[in-house]
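Thanks, everyone; I have one structure to walk through today. Please have it open in your viewer while I talk.

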Amino acid sequence: MTTRVETGGRLHFGFLNLSLANERLYGSLGVGLDQPRVIVEAERAERVVCTHDRAREYVERSCSLLDVPGADVAVRAELPVHVGLGSGTQLALAVLAAVARAHDRTPEVRARAPELGRGGRSGVGVATFESGGFVLDAGHPTERFTTDRPPRGEWTVPPVAARHDVPTDWRFVLVLPDAPPGKSDEGEDESMRAAVESAEGGLADRISGVVTRRVLPALATGDVEEFGAGVAAVGRLNGAWYADEQGGVYRPPAGAIVDGLADSPAVSGAGQSSWGPAVYGVTDEARASAAEAAGRDALDAAGVDGDVLVVAPRNTGATIED
């Protein structure tokens with residue numbers, strides 16, 4: 001019997017706080033996407049069989065965590081890697097869930113994500129895998145911050161502070177420029193440590209004000225214009241923390257693409273997802289075609305090639321079927 005797991009990517013709009021002077025560190029906000037998707041299939045086996053280089057490590061770790069002898073795993077679809085859509089977490093958790101189901105085990109993705117090296121700073125990827133929607137996580141107590149990355153598994157995934165379904169007629173235009181990948185692994189750790197150690201604390205108060213007075217009320221009332229303007233403001237304020245690490249409020253060429261999208265009446269707000277280079281724009285079903293055209297115009301204006309997608313939000317977690 002074959003188990004099939006499907007999940008979507010996610011957008012990461014930014015963090016609430018990077019300053020060691022404030023009480024809680026990190027606290028991220030983001031949203032689950034229906035496309036592009038990760039699709040993983042698994043069958044019970046007596047040893048690990050997997051030809052996908054990145055997935056094989058997760059298969060081996062999952063079998064160890066679940067105390068099962070092996071699994072035959074295939075990756076049928078995957079997210080673009082290190083562009084800001086959460087490819088590592090979604091692949092790791094999809095593999096864990098598929099292997100667990102193949103052996104009639106409970107995956108316990110939140111508890112086991114740290115053992116797969118996922119969910120240390122941001123809990124958005126784990127939370128959207130669990131239940132989709134818009135997620136604001138609670139971050140960690142600031143006193144837990146360490147200059148060195150904790151050993152794998154020696155952390156917990158930030159708990160969910162708020163979750164809300166995203167209106168089904170909202171859309172997100174994704175602009176994926178042909179550009180070097182965003183930061184990951186040791187490079188990301190070094191940049192995050194530098195950003196945290198130099199972060200100005202007053203920005204956190206401004207971001208919290210935007211989230212509580214604009215982003216969350218906009219979700220509750222279905223106001224796409226205010227939501228887009230709010231998450232775009234969160235991204236710009238976060239960019240001040242990262243400017244020394246990525247060469248500006250947004251990393252090149254994301255800044256030029258954000259500017260291009262922001263000028264379009266079809267887009268309510270635009271920003272960079274995580275370390276980029278993916279750029280998002282907030283729109284709705286009625287403006288989707290115009291927003292997609294604005295994305296292509298933004299690529300042309302920036303002088304780079306790339307892909308443009310318009311995708312729906314995903315308000316459910318991963319699907320697991322036999």
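This is a predicted model: local features need pLDDT of at least 70, side-chain atom pairs count only at pLDDT 80 or more; totals for chains, interfaces and linings use all residues.

Let me begin with the helices. Helix α2, which covers residues 87-102, packs against helix α4, residues 124-131, at an angle of about 45°, and their axes are 9 Å apart. With that angle, α2 counts as oblique to α4, and the crossing in which α2 passes α4 is right-handed. On the α2 side the contact is made by T89, Q90, L93, A94 and A97, while α4 brings in G125, V126, T128 and F129. Sorted by class, this contact of α2 with α4 has 5 nonpolar and 4 polar residues, and no charged ones.

Next, a loop residue. T142 sits in the loop between β5 (140-141) and β6 (160-164). Is T142 buried or exposed? Its relative accessible area is 9%, and because the cut-off for buried is under 20%, T142 is buried. A polar atom of the T142 side chain lies 2.7 Å from the backbone oxygen of E23, and, leaving aside residues up to four places away in sequence, T142 touches L20, N22, E23, R24 and L25.

Finally, G70, which belongs to strand β3, residues 70-77. G70 has 0% relative accessibility and so counts as buried. With residues up to four places away in sequence again left out, G70 touches A45, E46, R47, V48, C63 and H103. As for E43, which is 27 residues from G70 along the chain, the two C-alpha atoms are separated by 9.0 Å.

Conventions: Residues are numbered from 1 along each chain as its sequence is written. Side-chain values use heavy atoms; hydrogens and water are left out. Axes are lines fitted to C-alpha atoms, for helices over the stretch in contact, and angles run from 0 to 180 degrees between N-to-C directions. Helices (H or I, at least four residues) and strands (E, at least two) are DSSP runs, numbered from the N terminus. Angles under 35 degrees count as roughly parallel, over 145 as roughly antiparallel, 65 to 115 as roughly perpendicular and the rest as oblique. A crossing is left-handed if the near helix is turned anticlockwise from the far one by less than a right angle, and right-handed if clockwise. Contact means heavy atoms within 4.5 Å. Ala, Val, Leu, Ile, Met, Phe, Trp, Tyr, Cys and Pro count as nonpolar, Asp, Glu, Lys and Arg as charged, and the others, Gly among them, as polar. Buried means under 20% relative accessible area, exposed over 50%, partly exposed in between (1.4 Å probe, protein chains only). A polar contact is a pair of N or O atoms within 3.5 Å; within protein, one must be able to donate a hydrogen and the other to accept it, and residues adjacent in sequence count only if both atoms are side-chain atoms.
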